[in-house]
Every structure is written in C-alpha cells, then in structure tokens.
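Please read them with the structure open beside the text.

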Amino acid sequence: MAFALFVIEQFFSFIFKHYAEWSLFLALGFVILFIGASVWFVKWLTANTSAQKTSLRVIKRIAVIGITAIASVIGSSSLGGLVTLITGTYPTNGMLVIGVLLIVACYLIKADIPTVKYTLLMMGVLISGGASFFVDDILFFIYVIALVALLVFTKHTPVRLLLFVLVQGLLLIKVPTAYYDTIKIDYVLLALFLLNAAVYAINVHHAFKKAALLLAFIFLLSLTELSEPSFLNIIYCTVFFVISTVFLFVTVRKEPKYDFIVGMIFWFVFLAMKYYDFVWDLFNKSLVLVILGLIFLFLSRKWDLSTPDQPQPSFLDRSRTAVWIIILVQLIMLGGIFTKNEVLLQNGKEIKLALQPIDPRSLLQGDYVELNYDIAHVTLPHVKDGEKVKLVLRPNKQGVYKYAKIYQADDDWNKPYTSKKKDVVITGSYHDWGIQYGIEHYFIPEGTGSKVESEARFATVRVGKNGDAIVTKVGK
C-alpha cells in the first residue's frame, strides 16, 4: 500500500509538471499495461512460489490491493481528463453513466482475474461517486438506490463492505449540502450512527460488524465536535461518554478483542479532544498526564492481580537483553541530538531574522508556534524541488539578516562569492512552496501562543559553520 501511494503521488507530480494532452493517453496506456503485467505476475506467483497456501493467499491479496489502488486512481483521473478534453467540459451526467458502466463491466467478466475486475470496480466507483455530487437530486438518489441493491445482491464480502461505506459517505456529503435549510448534518450523523449501531447489533457477517462498529464510533464522535460549547454539545458529549464507557465494560472480557480495542481507542481520543476543548487552561498538561499514567499503572497492576490465570513470564523477563539494547540506543541518539544542539547554542553565530505571521499550535509534547520567515519565500531558478541549498545572509541597517541573492545548489554558487565578515551561510531544503530550514517550530510556555502570535516580529537564531540553525528567542 505504501508503494501504491508512492506511485500515485509520483504520477500526479509528473502530470502537474508536464501536463499535456499526450500525458493523459500515456497514463491510460500505463494503466492497461500495468494491469496486464499484474495478471501475469499473479499467475507466475501462483505457479512458482513455495509458500504455503495461507501465505500465498495473503501475498496475492496484498498484490491485488496495491495494483488496484494504483490502476484505479490513475485510470479514473486519466479517463476523466480525456473526456473533459474531448467534450470541452466535465459532463457530470455522462461521467455518472461511464462510472456505472465500468461497475457493470466488472460483473460481466466471468473469468477469475481479480486485478482487472477490482480495477474496473474501483474506477467505476471513483468516477460515478465523484460525478454523483453534481447531478440532479433524483439521479443521485437513483444511483444510491442502485448501489444499495448491488450491496444486497452481491456475494463478495469486500465489495459489499466497499458499497456499505460508499453509500454512507455519499449521503453524509450530499444530503446536508443539498438540503442545508431543512436537514442539518447533525441529523445525518445521528441517523448513520443509529444505522451502524443496528447493523452491529444484528447477526451479520463479522466483517460488517467490525466496519459498522468503527463507523458508529466515528459518526458519534463527530457529533461531539459539530456544535460550539453549548447545551446541545454537552448532550452529545455526555451521550458519547456514557455509551463508550458502558461499551467498554460490556466488551472487556469478550473475545476477540477487536470490539474492546476500538472502544478503548475512541474513549481515549474523546477524552483527549475534550481536555483540549474544556479543561486545557484549568490544569497543567504535564501534571495531568503524570497522574493519568500513575492511575493506569495502578489499575493495570490491580487488574493483573485479580485474574488468577496461569502465570506467564512477562515480556521484560523474556526479552530483557533486547529491551536494554533498545533503551541504550535511544539514549545514545538523544544524547547526540542534545550535544549537537548545545554545541550550536554555544558556538553558533547569532543573527536576527524577520518573521511573517505565525500560527499557534498545541500538541501533546507542548505548545509551539509555527514560524514563517521572510527568507523562506525566496525563488531560486534552476533548483530542483527537494534539493539541498545554502543561502548567504547579510544584515541590513537595522541588523536584520536578509537574503543576499547568493546561493549554492549542487555544490555550485550562482555567482562568484567572496565571504564578508558579517555573512552567514544557512542550509535549507528548497521546495516549490518555500525553503525549509528546520527552525520552523519554536516551543513556548503553555497557554502563551496567542500572545506570541500578536507580538512576535523577529526570531533570534544561532547558525553553525555547517549551516545548521536553531531558534533561541522569538519576540518584538
């Protein structure tokens, strides 16, 4: 899947940089060849591998998923581009029909060629699903009813799961948008939550129960974030907390543990979100985390002692040497980082840089602000995206360091350069959207983000001889 995402990202980067009519035909041709090669690969894998049947089945599934992801995304975008190119516009009704025909074609293929069938199915879903948002309401609901019918009558579980999620996603986006005067998104989320809760409660395939449980928690959690702090929001939050807590008590001793794990994850996510919303300013975050950690340690220890099962050696007892090696490696890495930064703080040259508006953020590791430097918005001709560069900075009359229009890329200077006394050379990574220097985040005391945002105009930075930099102060 990671490889599939990488290929898709590279494809769209190529299209954006070298867009032309021929590139769409090239992409569609690539999909056809890619599918043909994948069919051969799966057959070859079946005939030549010595893996056991279970392992072979898993490997084939992974291959089919990756191939389908690549081919369907590239194929659907290329086909949509070609139709737009030929017609001069994006015909939503026509694209809806094309998508439906691709889905039908998937079912007309009788041969057992999973990559071809699933690619046609996914291309049809992507094209028709995207077009359905822009067609008349009557066509949209006919399309949804057709998907529901297909969900009922098809026998393949993965396809049924795909349609189950797709129908709900379409309704969630389309209905509140088309009927925002009468149907609020709260109502749709509540209806979908009840639907998934009902599916989870009845006797259905275990894959559907898992999907319904996950969707039910997602929709219910989304309800707690829709309304601003108000009476309705408090009701949603209370309902979520009660339902999720009761669910944990009911499922804690049930097998398999999937239900309990999903409930526990959403329970903790909810508490974390509401902590930020309601009690961020009331309690010190570090102290709260310490107390919670101690509570969890106490409860888990008490829980272990209360279950008189056959004692098993703990993970630490079984892997003591490995654990100590991991701890030692982590300490060495952290020590190296601390040492490098301390040397830079002591020996680096201090400079002052101008800031553009900054953005306060809050994460578990602490509050920080995102710094946006003037020297980050520099265009360097003939420099590739992601290439490492070195920029020469010089102070102006106010002592603020600015880009001196001299840079080095691929070990070559753009013009002859002779170092001056106050020059500083800083290293960064060049991108189309700006230059990244590794000094974009600055951690601050908790709760001071808004003040820093309103007052900060300059950053004091220390730069080492190798071009590395570290922020020491942000202020007026």
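Predicted model: local features only at pLDDT ≥ 70, side-chain atom pairs only at ≥ 80, totals over all residues.

1. Helices here are DSSP runs of H or I that span at least four residues, and they are numbered from the N terminus.

2. Once neighbours within four places in sequence are left aside, the contacts of F193 are A216, F219, L220 and I243. The C-alpha atom of F193 also lies 8.3 Å from that of I218, although 25 residues separate the two along the chain.

3. For the chain as a whole, the secondary structure amounts to 15 helices and 10 strands. Of its 476 residues, 35% are buried. When contacts between residues at least 6 apart in sequence are considered, 63% of them link residues at least 24 apart.

4. How do the axes of α5 and α7 cross? Helix α5 (residues 114-132) and helix α7 (residues 157-178) have axes that come within 11 Å and cross at roughly 10°; since angles under 35 degrees count as roughly parallel, the two helices are therefore roughly parallel to each other. On the α5 side the contact is made by Y118, L121, M122, V125, G129 and S132, and on the α7 side by V159, L162, L166, L170 and K174. By class, the residues of this contact comprise eight nonpolar, two polar and one charged.

5. K174, which is found in helix α7, deserves a separate comment. Is K174 buried or exposed? With a relative accessible area of 9%, K174 is buried. Apart from neighbours within four places in sequence, K174 is in contact with S132, F133, V135, D137 and F140.

6. Helix α5 also meets α2, and the axes of these two helices come within 8 Å and cross at roughly 145°. The residues that make the contact are I35, S38 and V39 from α2, together with T115, V116 and T119 from α5. In this contact of α2 with α5 there are three nonpolar, three polar and no charged residues.

7. The largest pocket has a volume of about 1,100 Å³, and its lining consists of 32 residues, among which V64, P114, Y118, H156 and P158 lie nearest the centre. At least two residues of the lining are supplied by each of α2 (21-48), α3 (53-87), α4 (92-108), α5 and α7. Which helix gives the most to this lining? The answer is α3, with nine residues. The lining of the largest pocket divides into 19 nonpolar, five polar and eight charged residues.

8. The second largest pocket holds about 550 Å³ of space. It is lined by 13 residues, and V252, F260, M264, L299 and W303 are the closest to its centre. Helices α10 (231-251), α11 (258-279) and α12 (285-305) each supply at least two residues of the lining, and the largest share, five residues, comes from α12. By class, the lining of the second largest pocket has 10 nonpolar, two polar and one charged residues.

Technical notes
Residues numbered from 1 in each chain as written. Heavy atoms only, no water. Axes fitted to C-alpha atoms, helices over the stretch in contact; angles between N-to-C directions. Parallel < 35°, antiparallel > 145°, perpendicular 65-115°, else oblique. Contact = heavy atoms within 4.5 Å. Nonpolar A, V, L, I, M, F, W, Y, C, P; charged D, E, K, R; others polar. 1 Å grid on protein atoms, 1.4 Å probe; cavity = no way out; pocket = protein on both sides within 12 Å on 5 of 7 lines; lining within 4 Å. Points joined across faces, edges and corners; volume = space filled by probe spheres on them. Buried < 20%, exposed > 50% of the residue type's maximum accessible area, 1.4 Å probe, protein only.
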